[in-house]
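User: I would like to learn how to read domains, a pocket and salt bridges in a protein model. Could you take me through them step by step?

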Amino acid sequence: MDVTPSTSHWGAFSAGLDAEGRLRVNPHPSDPSPSPLLGNLPGSLRHPTRVAAPAIRRGWLERGPGPDQARGHDEFVEVEWDEALDLLAAELRRVRDAHGNEAIFGGSYGWASAGRFHHAQSQLHRFLNAFGGFTSSRNTYSTGTSAVLLPHVVGSADEVLRKASSWPTIVANTELLVAFGGVPEKNVFVTPGGVTRHHTPGFLGRLGERGVPVALISPLRADLPAGLHARWYPIRPATDTALMLALAHTLAAECLHDPDFLDRYCVGYDEFERYLFGAADGVVKDAEWASAITELPAADIVALARRMASSRTFITVTWSLQRIEHGEQPVWAAIALAAMLGQIGLPGGGFGHGYGSMGEIGDTGPDLRVPFLPRRANPVRQFIPVARIADLLLNPGEQYDYDGARRTYPDIRLVYWAGGNPFHHHQDLNRLRSAFTRPDTVVVQDPFWTATARHADFVLPATVPLEREDFGSGRRDTHLIAMHRVAEPYGRARDDYAILSGLAERLGIGQRFTEGRTPRDWLEHLYGEWRQSLLSRGVEVPAFAEFWSAGEYRLPAQNADRTLFAEFRRDPVRHRLRTPSGKIEITSEHVRSFGYADCPGHPVWLEPREWLGGARATRFPLHLIANQPSTRLHSQLDGGAVSQAGKVAGREAIRIHPADAAARGIAEGDLVRVFNERGACLAGALLTTDSRSGVVQLPTGAWFDPLGSLCVHGNPNVLTADVPSSRLSQGCTGQHVLVEIERYAEKPPVLTIGSPPMITREHPPNPDGTHARG
Ligand code: PGD
């Protein structure tokens, strides 16, 4: 069996086909903690849900472009590539000529696959830019709220996220780790582009061996790996800001804060302190106050604050905490709290964001740019904050706020998606379904019949990485991995590059898009340019042929700990932050000037609309946490063996506290219906005391399988609200939602998402032999 190298977002591996044609996968030999998700690869390569040939929705073929309620319900017609590309090129031209490039939405958010050249989103953006541009999207579903907030508070989001304190520094120096959202180990196997060596599980092991105490602040005990010296604070979901404010209040009331640090390195503390003491609203944010909101004992809150003040304390906030309504507040409040402790910039002290949210955070690998495909500039300036996709399609011409600006949604006629699955990642999927009926044409390129593909007019089958040549490397990766072809393309699937090249030729922009290069030419070209830049800095890099046959190149090691805040602490004038004051802004006059009640000028407690009290909470009394799955990356390879093994009763598993289950007559393994007024889904019950009662957990990523407003498979985004974190960031809020659960006693509906939709191989021409067009 020939074995060749490759990589994925969850790590490098070698792969080959055995004598029976089955895919065999082995982790990279130097990976100390390979990801279990590699086990999803073998069953996915030839899964029945692979798209075998280009397909066009019958309604589009017969009635032409235009809004259509049938989108998402219709059958598909398989066509030849030439026919699909001719029709699509004509449609792209029509939309551009009649409505302008702004009418094309190519934001196309999504993780696609590892591989630097065949990166679906880069390919699509390069193509659309060559075509005159497109309405794009800004920020990510991962950190869409922090990315907008952090520049106002500490001058940069990227520096905080990418140049954070390393795990070895934390292990060596931290005396108390206060982990809001914990450090969920399941996420650290994943990094965009993948890493070859997963170091973080080892770092966490060392943290345990050293006996560093950890305050785990989460409704879920599983948010911290076993073996750490943890105390679990089972907080009520979405109330971390109240706890942080009470910790800050205790520090201030007991004079445990550091006035010198606040004076020298921060602005706006005094106003924040007045807020803590209730000067503005008459509410003292003390431990008693927070106890009523968080349902943690007041004495524990006071004791934790005192301990934080007497230890080298590192405060970390997971990205999930900002993926909620008012998600700016826990991030900002944690920074204010760390500033009060006066340890920002000291080894093992201060704050971090995203430890346990992604493998790269705190990793020690080199922070090196690796080769990538240039996308070129987008001539269209119009964009949306990424999570406003349904609003965009439903409300053309409507105004909205974003980061101090008033913006208007353009009128989108054509949606083009490659490498993303909005019918997994977006909130309130029934609302998204109606939004997707509005454009004239929807195009999806994906290897699989995802729910998004089923809501398209054009479905163009893309290859998976094992069917093409590429190279890959993730942030903080130790290696650049050659990704060799292992298998022939499935059916008539083509690389995204080949699909877009075919369109580009038809649109007269072929040379501009391809520059006359084959994929192999591009690999050699991009690698060659990158190699030259390293050679000019004195770094030895092998020629492409040598790299390709070796299968990998070990990237030069770099000092991992280059923290922004250590330099700032040493010299706050020379290393001033890129905030208006050059300091940490505990109060931001700039943010205040926007006048947003849902994100005022300093961290505040804001009651979420749906969470506490009120008639709605009586009808839907359970907090559902829709977090990242442990058995797959997002919705990717849901048909794979590891993902399938995690299902219960054939549906996604929902974790329920035994007391909540007993109150509803639910037993382990039962099929349940999870519902609220937006929709419902079926799920399989698992009982656990590892979550606090009143909290249930259903991860994202089960492929959306709608039957009316019910998802029969267990996608929680049928329940989540499509509301932004605030007018400041317009970030995604999919992490929490209120629901009720009942045992599902009826005959279980059949899952349809595990096989392709209805497809026919021919379509009737018009009497004159042409196809109907609008
Ligand atoms: P993926 O499942 O990774 O989800 O959302 P995202 O859309 O990124 O989708 C990637 C798609 O790319 C898959 O359909 C895959 O088949 C396809 N693909 C893979 N390789 C290729 C290729 O080479 N070419 C093409 N054309 N396609 C390819 C993830 C998003 O979900 C994220 S990042 C976060 S953090 C959010 N998290 C939450 C959350 O915490 N809670 C809720 N409720 N919802 C969330 N949604 C968000």
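This is a predicted model: local features need pLDDT of at least 70, side-chain atom pairs count only at pLDDT 80 or more; totals for chains, interfaces and linings use all residues.

User: Which domains does the assignment give for the protein chain?

Analyst: Domain bounds come from an automatic or database domain assignment. Here that gives domain 1 (55–139 + 390–472 + 496–517), domain 2 (164–366 + 561–593) and domain 3 (615–743).

User: How many residues of domain 2 and domain 3 are in contact?

Analyst: With contact meaning heavy atoms within 4.5 Å, 24 residues of domain 2 touch 23 residues of domain 3. The area buried between these two domains, that is, the accessible area (1.4 Å probe) that two parts lose on being put together, summed over both, is about 1,900 Å², and carbon and sulfur atoms give 58% of it.

User: Where does the largest pocket lie, and why?

Analyst: A pocket is an open set of points on a 1 Å grid over the protein atoms alone, where a 1.4 Å probe fits, with protein on both sides within 12 Å along at least five of seven lines; lining residues have an atom within 4 Å of a point. Of its 49 lining residues, the closest to the centre are H119, R162, P192, R375 and R475. Domain 1 and domain 2 both give residues to this lining, so the largest pocket lies between them.

User: Which side chain meets E295 in a salt bridge?

Analyst: Side chains of opposite charge can pair when their charged atoms come close. The rule asks for a side-chain nitrogen of Lys or Arg within 4 Å of a carboxyl oxygen of Asp or Glu. E295 meets R692 in such a bridge, at 2.3 Å, N to O. Across the interface of domain 2 and domain 3 the rule finds 2 salt bridges, and the structure holds 49.

Technical notes
Residues are numbered from 1 along each chain as its sequence is written. Side-chain values use heavy atoms; hydrogens and water are left out.
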